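Take a look at the charged side chains in this structure. Which of them pair up, and where do the partners sit along the chain?

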Amino acid sequence: MPVHDKTKELDGVNRRADLGGGKEKIAQQHAKGKLMARERIEKLMDTGTFQEIGKFVTHDASGFEPEGSEPLGDGVVTGYGRINGRLTYVFAHDFTVFGGSMGEATSRKVVKIMDLALKNGAPLVALNDSGGARIQEGVLSLAGVSDVFFRNTLLSGVVPQISAILGPCAGAAVYSPALSDFIMMVKQTSNMFVTGPDVVKTVIGESITFEELGGADVHAAETGVSHFLLENEEDCMSLIRRLLSYLPQNNSEFPPRVTSEDVASQESPSGVVPEDPNKTYDMLEVIRRLVDNGEYLEVHAGWAQSVTVGFARLDGESVGIVANQPLSLSGSLDVDSSIKAARFVRFCDSFNIPIVTLVDAPGYMPGSDQEHRGLIKHGSKLLFAYCEATVPKVTVIVRKAYGGAYCAMGSKYSKADINYAWPGSEIAVMGPEGAINIIFRKEIESSDNKSEAAARLTGEYRAKFANPYVAASGGIIDEVIDPATTRAKVISALASLRNKKEFRPPKKHGNIQL
């Protein structure tokens with residue numbers, strides 16, 4: 001065959017592969033407001049950098065369609081390219097081919113890309129739009145997806161893994177995203193569940209919609225499965241690019257440094273926190289006044305809102321922020337917020353991202369509901385995460401740091417490297433109001449004016465025991481600082497810790513309370 005004819009044949013095969021399940025199914029996807037796999041990749045990657053691998057792969061099973069008409073690519077597009085100029089590997093399900101289901105050949109393509117990401121130390125992005133393991137291939141499909149799960153585990157803590165849910169993600173398919181570092185979902189488009197509404201109805205008689213069972217809003221606000229909630233697919237691709245800009249390529253590198261604008265004239269955070277310790281405020285405003293250009297990428301914004309976690313930059317360097325949020329539960333730690341913060345701390349520690357902690361915690365959330373949900377077990381996860389982390393850790397006590405919450409939120413004794421406190425902060429076993437009701441109960445009860453006596457004793461306790469100078473005198477706080485100097489102090493501290501090395505006893509791994 002002449003070269004010209006061979007090239008023409010190649011063009012035809014490429015066009016057939018690009019069509020996936022056919023023009024009709026592509027039109028159906030577009031009618032739902034969904035992009036095709038290659039269209040998603042084009043929006044994700046730097047222009048012209050994507051290189052596809054395995055485009056002509058077909059499945060090994062028989063009996064699906066007439067011989068020779070098997071869809072090329074077998075329902076997943078795999079390859080590599082550049083995001084922000086840096087190497088990134090990607091796979092994207094093609095829902096037009098068997099509903100994006102994972103067959104044996106599909107899984108082999110995904111595993112190859114994951115292996116390349118591991119060998120070359122580059123992030124992996126998964127664009128999920130899959131009905132799960134392919135029923136027609138039986139146990140071979142389960143073997144294939146299990147191999148993917150094993151690779152997710154190998155990659156964990158070595159290279160960043162980001163999963164976007166851009167349609168259904170059902171059955172066995174949910175576990176690969178669950179094993180990744182971050183999950184993104186799109187409103188009214190994304191669904192995640194182990195068993196769908198029909199099965200739920202058959203097995204337990206419950207009638208429920210796709211959205212109610214595993215929609216984006218459910219997983220962003222109620223379950224915490226999703227880390228980011230997006231309006232559309234374009235926003236999702238943009239956010240993946242932004243998230244990766246804060247992260248290193250792998251666990252042996254540091255995050256990229258960016259040139260930062262002069263932000264010395266930005267507002268001081270001191271005006272945000274009320275003088276009255278019982279009044280609330282928005283910790284996000286404190287964070288925006290501390291970080292470069294006020295830019296803060298919040299993670300899990302809709303879930304466990306008594307703690308906020310996210311990425312920012314200080315003098316151009318990536319940092320992970322963990323902070324109590326007084327607008328929710330007065331900033332108390334509960335089951336969900338402990339899990340949320342612990343997971344984030346461990347991610348930052350895995351990828352050499354310094355942790356800045358802003359503390360305003362009245363304690364762990366009291367009540368039978370929290371105790372019965374396992375607050376002891378889940379609360380200990382945050383302690384474990386901070387104690388285990390060896391990246392630079394700088395803590396600022398903004399207002400309250402009481403009881404176990406003081407210990408858990410990056411304290412000196414969970415080996416924070418530098419500990420600051422604002423002049424109005426309170427550090428004690430418990431809040432003054434609770435403490436005086438225990439210590440001076442008899443004195444208050446015997447007083448002619450109980451409320452006046454309680455107020456006086458509260459003030460005395462706060463002045464004598466709960467102020468930061470008591471902690472500073474014992475070396476628990478390294479320095480009591482003017483809130484207006486917080487940004488400069490934290491930047492200086494992080495700069496001094498840039499070459500930090502901390503060694504721990506050799507072991508296979510710790511046994512965190514999962």
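What follows is a short walk through some of the salt bridges.

The model is predicted. Its salt bridges number 23.

Start in helix α4, residues 104–120. Here Glu-104 forms a salt bridge with Arg-108. Their closest N and O atoms are 3.9 Å apart. The limit for a salt bridge is 4 Å, so the pair counts. Glu-104 and Arg-108 are 4 residues apart, about one turn of the helix. Glu-104 has 26% relative accessibility and is therefore partly exposed. Arg-108, at 43%, is partly exposed too.

Move on to helix α5, residues 139–155. Asp-147 and Arg-151 both lie in this helix, again 4 residues apart, about one turn. They form a salt bridge, with the closest N and O atoms at 2.7 Å. Asp-147 is partly exposed, with a relative accessible area of 33%. Arg-151 has a relative accessible area of 15%. Buried means under 20%, so Arg-151 counts as buried.

The next bridge joins Arg-257 and Glu-317, whose closest N and O atoms are 3.1 Å apart. This pair links distant parts of the chain, 60 residues apart. Arg-257 sits in the loop between α10 (233–245) and α11 (283–290). Glu-317 belongs to strand β11, residues 317–324. Arg-257 is partly exposed, with a relative accessible area of 47%. Glu-317 is also partly exposed, at 22%.

Technical notes:
Residues numbered from 1 in each chain as written. Predicted model: local features only at pLDDT ≥ 70, side-chain atom pairs only at ≥ 80, totals over all residues. Heavy atoms only, no water. Salt bridge = Lys/Arg side-chain N within 4 Å of Asp/Glu carboxyl O. Helix = DSSP H or I, 4+ residues; strand = E, 2+ residues; numbered from the N terminus. Buried < 20%, exposed > 50% of the residue type's maximum accessible area, 1.4 Å probe, protein only.
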